[in-house]
Amino acid sequence: MAAERAARVGSTALLILVGVAITVYGLDQLSKYFVVTTLAEGEVVPVLGTVLQWQFVRNPGAAFSIASGMTWVFTILAAGVITFIVWFARRIRSVAWALVFGLLLGGVLGNLTDRLFREPGFGIGHVIDFISTPWMLPAIYNVADISIVSSMVLFMILTIRGVGLDGSRPSRDGDGGVADEAAPEGEPGREARGGAPAELARES
(Lines give C-alpha, C1' and ligand atoms only; values in the text may rest on other atoms or scores of the structure.)
Protein backbone atom coordinates (compact mmCIF):
# COMPACT_ATOMS: atom_id res chain seq x y z
CA MET A 1 0.00 0.00 0.00
CA ALA A 2 2.72 2.42 0.99
CA ALA A 3 4.70 1.52 -2.12
CA GLU A 4 1.69 2.17 -4.35
CA ARG A 5 1.07 5.53 -2.71
CA ALA A 6 4.72 6.52 -3.11
CA ALA A 7 4.58 5.51 -6.78
CA ARG A 8 1.47 7.67 -7.36
CA VAL A 9 3.03 10.67 -5.62
CA GLY A 10 6.22 10.21 -7.64
CA SER A 11 4.27 10.05 -10.90
CA THR A 12 2.38 13.23 -10.01
CA ALA A 13 5.60 15.06 -9.13
CA LEU A 14 7.20 13.93 -12.40
CA LEU A 15 4.20 15.12 -14.43
CA ILE A 16 4.33 18.51 -12.69
CA LEU A 17 8.06 18.81 -13.33
CA VAL A 18 7.65 17.99 -17.03
CA GLY A 19 4.58 20.22 -17.40
CA VAL A 20 6.26 23.22 -15.80
CA ALA A 21 9.42 22.72 -17.88
CA ILE A 22 7.45 22.52 -21.14
CA THR A 23 5.39 25.59 -20.24
CA VAL A 24 8.45 27.68 -19.37
CA TYR A 25 10.32 26.51 -22.46
CA GLY A 26 7.37 27.28 -24.72
CA LEU A 27 6.84 30.77 -23.28
CA ASP A 28 10.55 31.51 -23.52
CA GLN A 29 10.92 30.46 -27.15
CA LEU A 30 7.67 32.10 -28.27
CA SER A 31 8.60 35.40 -26.62
CA LYS A 32 12.07 35.30 -28.22
CA TYR A 33 10.53 34.57 -31.64
CA PHE A 34 8.23 37.56 -31.20
CA VAL A 35 11.15 39.82 -30.27
CA VAL A 36 13.39 38.68 -33.12
CA THR A 37 10.64 39.06 -35.73
CA THR A 38 9.15 42.37 -34.56
CA LEU A 39 11.94 44.42 -32.95
CA ALA A 40 15.19 45.80 -34.32
CA GLU A 41 18.29 44.92 -32.33
CA GLY A 42 18.90 47.61 -29.73
CA GLU A 43 15.39 49.03 -30.08
CA VAL A 44 13.68 50.10 -26.86
CA VAL A 45 9.89 49.86 -26.60
CA PRO A 46 8.23 51.28 -23.44
CA VAL A 47 5.55 48.98 -22.07
CA LEU A 48 4.89 50.61 -18.69
CA GLY A 49 6.94 53.77 -19.05
CA THR A 50 10.34 53.25 -17.43
CA VAL A 51 9.00 50.49 -15.18
CA LEU A 52 8.96 47.85 -17.93
CA GLN A 53 10.53 48.05 -21.37
CA TRP A 54 11.33 45.71 -24.25
CA GLN A 55 14.94 46.08 -25.39
CA PHE A 56 16.27 43.53 -27.89
CA VAL A 57 19.89 42.51 -27.26
CA ARG A 58 21.97 39.41 -28.00
CA ASN A 59 23.75 38.14 -24.90
CA PRO A 60 26.89 35.96 -25.23
CA GLY A 61 27.13 35.44 -21.45
CA ALA A 62 25.04 33.89 -18.70
CA ALA A 63 21.80 35.10 -17.13
CA PHE A 64 21.55 38.90 -16.84
CA SER A 65 24.55 39.28 -19.23
CA ILE A 66 27.06 37.92 -16.70
CA ALA A 67 30.47 36.68 -17.99
CA SER A 68 30.12 37.66 -21.63
CA GLY A 69 32.60 35.89 -23.86
CA MET A 70 32.34 32.52 -22.07
CA THR A 71 29.36 31.15 -24.00
CA TRP A 72 30.83 27.70 -24.59
CA VAL A 73 31.40 27.25 -20.86
CA PHE A 74 27.74 27.94 -20.09
CA THR A 75 26.69 25.62 -22.90
CA ILE A 76 28.57 22.75 -21.25
CA LEU A 77 27.26 23.64 -17.79
CA ALA A 78 23.68 23.84 -19.08
CA ALA A 79 23.96 20.43 -20.72
CA GLY A 80 25.27 19.04 -17.43
CA VAL A 81 22.40 20.56 -15.43
CA ILE A 82 19.81 19.12 -17.82
CA THR A 83 21.41 15.67 -17.66
CA PHE A 84 21.37 15.78 -13.85
CA ILE A 85 17.72 16.84 -13.65
CA VAL A 86 16.60 14.09 -16.06
CA TRP A 87 18.55 11.51 -14.03
CA PHE A 88 17.34 12.85 -10.67
CA ALA A 89 13.68 13.51 -11.55
CA ARG A 90 12.29 10.12 -10.50
CA ARG A 91 13.53 10.60 -6.93
CA ILE A 92 11.30 13.61 -6.35
CA ARG A 93 8.15 12.99 -4.30
CA SER A 94 7.21 16.60 -3.58
CA VAL A 95 5.13 19.00 -5.66
CA ALA A 96 7.20 21.95 -4.43
CA TRP A 97 10.49 20.31 -5.41
CA ALA A 98 8.99 19.26 -8.74
CA LEU A 99 8.20 22.93 -9.32
CA VAL A 100 11.81 23.88 -8.47
CA PHE A 101 13.31 21.45 -10.95
CA GLY A 102 10.65 22.13 -13.57
CA LEU A 103 11.40 25.86 -13.50
CA LEU A 104 15.12 25.19 -13.63
CA LEU A 105 14.85 22.67 -16.46
CA GLY A 106 12.61 24.89 -18.59
CA GLY A 107 14.83 27.93 -18.10
CA VAL A 108 18.09 26.13 -18.78
CA LEU A 109 16.63 24.45 -21.89
CA GLY A 110 15.41 27.81 -23.18
CA ASN A 111 18.80 29.49 -23.02
CA LEU A 112 20.64 26.35 -24.15
CA THR A 113 18.51 26.28 -27.30
CA ASP A 114 19.74 29.78 -28.12
CA ARG A 115 23.37 28.82 -27.51
CA LEU A 116 23.08 25.76 -29.74
CA PHE A 117 21.13 27.15 -32.68
CA ARG A 118 21.50 30.92 -32.87
CA GLU A 119 24.31 33.02 -34.36
CA PRO A 120 27.27 33.11 -34.38
CA GLY A 121 27.44 29.30 -34.31
CA PHE A 122 26.62 25.96 -32.70
CA GLY A 123 27.39 25.96 -28.97
CA ILE A 124 28.36 29.64 -28.93
CA GLY A 125 25.10 31.22 -29.98
CA HIS A 126 23.98 34.43 -28.31
CA VAL A 127 20.93 34.33 -26.03
CA ILE A 128 18.04 36.64 -26.87
CA ASP A 129 17.31 39.07 -24.00
CA PHE A 130 14.57 41.68 -24.11
CA ILE A 131 13.04 42.41 -20.68
CA SER A 132 14.32 45.63 -19.14
CA THR A 133 13.35 46.96 -15.70
CA PRO A 134 15.84 49.80 -15.09
CA TRP A 135 14.33 50.71 -11.72
CA MET A 136 15.05 47.22 -10.37
CA LEU A 137 17.99 45.76 -12.35
CA PRO A 138 20.51 47.30 -14.75
CA ALA A 139 20.62 44.04 -16.75
CA ILE A 140 18.36 42.89 -19.59
CA TYR A 141 16.94 39.38 -19.28
CA ASN A 142 14.34 36.94 -20.63
CA VAL A 143 11.66 34.45 -19.53
CA ALA A 144 14.25 31.67 -19.08
CA ASP A 145 16.32 33.86 -16.74
CA ILE A 146 13.24 34.66 -14.64
CA SER A 147 12.44 30.96 -14.41
CA ILE A 148 15.98 30.04 -13.34
CA VAL A 149 16.11 32.74 -10.65
CA SER A 150 12.62 31.78 -9.41
CA SER A 151 13.74 28.16 -9.06
CA MET A 152 16.75 29.26 -7.01
CA VAL A 153 14.58 31.38 -4.70
CA LEU A 154 12.15 28.51 -4.17
CA PHE A 155 15.10 26.15 -3.64
CA MET A 156 16.40 28.36 -0.81
CA ILE A 157 12.96 28.62 0.80
CA LEU A 158 12.44 24.85 0.80
CA THR A 159 15.98 24.26 2.08
CA ILE A 160 15.60 26.76 4.91
CA ARG A 161 12.27 25.20 5.90
CA GLY A 162 13.83 21.75 5.81
CA VAL A 163 11.42 20.31 3.25
CA GLY A 164 12.75 17.01 1.89
CA LEU A 165 12.47 15.71 -1.65
CA ASP A 166 9.62 13.48 -0.44
CA GLY A 167 7.75 16.48 0.97
CA SER A 168 8.61 15.65 4.59
CA ARG A 169 9.50 18.40 7.03
CA PRO A 170 11.01 17.89 10.49
CA SER A 171 9.11 19.41 13.41
CA ARG A 172 10.03 19.67 17.07
CA ASP A 173 8.15 17.49 19.52
CA GLY A 174 7.34 18.37 23.11
CA ASP A 175 10.74 17.22 24.41
CA GLY A 176 12.68 19.41 21.99
CA GLY A 177 13.48 16.51 19.69
CA VAL A 178 12.76 16.32 15.99
CA ALA A 179 9.88 14.25 14.62
CA ASP A 180 9.21 13.46 10.98
CA GLU A 181 5.88 14.79 9.72
CA ALA A 182 5.95 12.79 6.50
CA ALA A 183 4.78 9.32 7.59
CA PRO A 184 0.97 8.93 7.53
CA GLU A 185 -0.90 7.06 10.21
CA GLY A 186 -0.74 3.31 9.95
CA GLU A 187 2.65 3.30 8.18
CA PRO A 188 6.01 2.43 9.68
CA GLY A 189 7.70 5.29 11.45
CA ARG A 190 4.74 6.46 13.54
CA GLU A 191 6.30 5.33 16.77
CA ALA A 192 7.07 7.03 20.04
CA ARG A 193 10.54 8.28 20.86
CA GLY A 194 12.97 5.50 21.71
CA GLY A 195 11.54 3.16 19.05
CA ALA A 196 8.52 1.88 21.07
CA PRO A 197 5.05 1.96 19.49
CA ALA A 198 2.79 4.79 20.62
CA GLU A 199 0.42 2.40 22.40
CA LEU A 200 3.23 1.00 24.61
CA ALA A 201 4.43 4.52 25.34
CA ARG A 202 0.99 5.52 26.58
CA GLU A 203 0.66 2.42 28.78
CA SER A 204 3.95 3.19 30.52
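Visitor: Leaving aside neighbours within four places in sequence, which residues are in contact with tryptophan 97?

Guide: They are Ile92, Phe155, Leu158, Thr159, Val163, Gly164 and Leu165. Contact here means heavy atoms within 4.5 Å. Please note that this is a predicted model, in which local features need pLDDT of at least 70 and side-chain atom pairs count only at pLDDT 80 or more, while totals for chains, interfaces and linings use all residues. Residues are numbered from 1 along each chain as its sequence is written, and side-chain values use heavy atoms, with hydrogens and water left out.

Visitor: What makes a group of residues a nonpolar core?

Guide: The members must be buried Ala, Val, Leu, Ile, Met, Phe, Trp, Tyr or Cys residues joined through side-chain atoms within 4.5 Å. The largest such core has 21 residues, and Trp97 is among those with the most contacts inside it, as are Leu17 and Phe101. Two or more residues come from each of α1 (2-38), α2 (71-88), α3 (95-117) and α4. Helix α3 gives the most, with eight residues. A second, separate core has eight residues, including Val35, Phe56, Phe130 and Ile131.

Visitor: Which residues carry the feature "active site" in UniProt?

Guide: The unreviewed UniProt entry places this feature at Asp129 and Asp145. They are spread over 17 residues of sequence, yet they cluster in space, with a largest C-alpha distance of 9.0 Å. UniProt positions follow the numbering used here, feature names are shortened, and annotations may be inferred rather than shown by experiment.

Visitor: Why is aspartate 129 called buried?

Guide: Buried means under 20% relative accessible area, exposed means over 50%, and partly exposed lies in between (1.4 Å probe, protein chains only). Aspartate 129 has 0% relative accessibility, and therefore counts as buried. Aspartate 145, with 1%, is buried as well.

Visitor: How do you know which strands pair with β3?

Guide: Two strands pair if DSSP finds at least two bridges between them. Five bridges join β2 (residues 53-59) to β3, and two join β3 to β4 (residues 140-141), so both pairs qualify. Each pair runs antiparallel. Aspartate 129 is the bridge partner of valine 57, while isoleucine 131 stands opposite tyrosine 141 in β4.

Key
Helix = DSSP H or I, 4+ residues; strand = E, 2+ residues; numbered from the N terminus.
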